[in-house]
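The following note concerns side-chain pairings in the model shown below. Please read the numbered points alongside the coordinates.

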Amino acid sequence: MAFNDLLLQVGGAGRFQQIQVTLVVLPLLLMASHNTLQNFTAAVPTHHCRPPADANLSKDGELDAWLPRDRQGRPESCLRFTSPQRGLPSPNGTETNSTGATEPCTHGWIYDNSTFPSTIVMEWDLVCSRRALRQLAQSLYMVGVLLGAMIFGHLADRLGRRKVLILNYLQTAVSGTCAAFAPNFPVYCAFRLLSGMALAGISLNCMTLNVEWMPIHTRACVGTLIGYVYSLGQFLLAGVAYAVPHWRYLQLLVSVPFFAFFIYSWFFIESARWYSSSGRLDLTLKALQRVAWINGKREEGASLSMEVLRASLQKELTLGKGQASAMELLRCPALRRLFLCLSMLWFATSFAYYGLVMDLQGFGVSIYLIQVIFGAVDLPAKLVGFLVINSMGRRPAQMASLLLAGICILINGVVPQDQSVVRTSLAVLGKGCLAASFNCIFLYTGELYPTVIRQTGLGMGSTLARVGSIVSPLVSMTAEIYPSVPLFIYGAVPVAASAATALLPETLGQPLPDTAQDVENRRGKRRQLQQERKQMVPLQASAPAKDGL
């Protein structure tokens, strides 16, 4: 595995790496906006039934006469009287009677547009008997992300990271823009699904393309940078949503910039590591020489030749070709072990994460404020995660972030409902730990899988994460049994999954594997070290006895 030496020879983390990493991670600012966009575009304002068209609403108290009240004295959201009722005092001083017959809102609803002038809920009346459709839109988006992870992860191993990334930028731009002009709810959902597919491909290829062009000692920095850009995107979403509260304009604003990303992505340089693992040595040489020229290492680039590459990458050329199949994840014992353990980590992280972040209105404070707080907690959380990743390793960081997140959520389940400050603080801390877990799992997965199947492995991991994000809203329905049941489930899953990290190898300071055989060899070396340690223990124990003789 001499590819890291080749990268150092052509400039290491030079000018090219700095420019390409910046351009590749820039779209992630808006990817964060798309993932949680429905917190704003599908916000549910206060609403009540619209009286019949012939009702004289200009008359004092006429509107109240049509609206039954709940126990707190607020108008019912989904019921109205069949005829105006009068006789008992209402909250505004008029007289109504709450004993009359009621019926569903047959003439639509009146919405409070003081905070949100327009949302998909208001435009298509996704309330009361149709309220499940609101969650359906988000679930279909997550289904799109799931499909995109499966499809584009595999295509990137077949066609290359750059080509798939260019396609994903264009698909996001077109589908996101079309969603902003959707004439009805089914069309909107269809374009949101397509957006989810493309954004999954962007997320996977962004990490892989950057990691494969970076030397060993800089990979953790790149992974942390990507995580921070995503966190900044959450701040950006809060500000943009506050400035542009109309859902169509907001949807358009976070989609149109992807046309610019599509244009400049044509200048990206394909991963030379992927070229070599695909057996395309001529393109590997061209890519490395081009990078050497950009990094100001022209002499080093000129010294490279086909013969040098054949000698340096002999193992990749002989073992890597033709092994990029998803079935390898189950067929090869070492890859199967990685796949099963990483699937648990991906599922648990996403399951608990979206259980927290997709219910911002449930915190009882400004939705914009809680979005900023949830974004702010990522900054120290990912910094601590970065320090742990670089000093102690990927495995301790992954285990600690999941375990701590689960504990915070479980504790939240037993805190009384009226202690909102404590509950919100624990939720924010848990969300920060889950954000650090996401940051680590992307890097860790990319370092564990070999080059020939790295994108497929990342795609399968992301697929399991999307399954978690789809299942997560369903678990929230268990609150009807007992309010804290969802929190117990959201907390127990990451705690249980954290144990899977004990079965994974550490990758701190290790070169990226290029073939499945490299993974097998790494596993064999680990077993050999464990056996040597076991043999040393009895030898150390018998040494004093020999001295006594």
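1. Arg 394 is buried, with a relative accessible area of 2%; here buried denotes under 20% relative accessible area, exposed over 50%, and partly exposed the range in between, calculated with a 1.4 Å probe on protein chains only. Helices (H or I, at least four residues) and strands (E, at least two) are DSSP runs, numbered from the N terminus.

2. On provenance, this is a predicted model, in which local features need pLDDT of at least 70 and side-chain atom pairs count only at pLDDT 80 or more, while totals for chains, interfaces and linings use all residues. Residues are numbered from 1 along each chain as its sequence is written, and side-chain values use heavy atoms, with hydrogens and water left out.

3. A salt bridge also joins Glu 212 to Arg 161, with 2.8 Å between the closest N and O atoms. Because Glu 212 belongs to helix α9 (residues 185-212) and Arg 161 to helix α8 (residues 161-180), the pair ties together parts that are 51 residues apart in sequence. Glu 212 is buried at 0% relative accessibility, and Arg 161 is likewise buried, with a relative accessible area of 0%.

4. Which residues are joined with Arg 161 into one network? Asp 157 and Glu 212 are, through salt bridges that share partners.

5. The search of the whole structure finds four salt bridges. One of them connects Glu 123 and Arg 248, the closest N and O atoms being 2.5 Å apart. Glu 123 lies in helix α6 (residues 120-124) and Arg 248 in helix α11 (residues 247-253), so this contact ties together parts that are 125 residues apart in sequence. Glu 123 is partly exposed, with a relative accessible area of 33%, whereas Arg 248 is buried at 18%.

6. As for cysteines, a search of the whole structure finds zero disulfides, a disulfide being a pair of cysteine sulfur atoms within 2.5 Å. Cys 178 counts as partly exposed, at 28% relative accessibility. Cys 221 is also partly exposed, at 39%.

Key
Salt bridge = Lys/Arg side-chain N within 4 Å of Asp/Glu carboxyl O.
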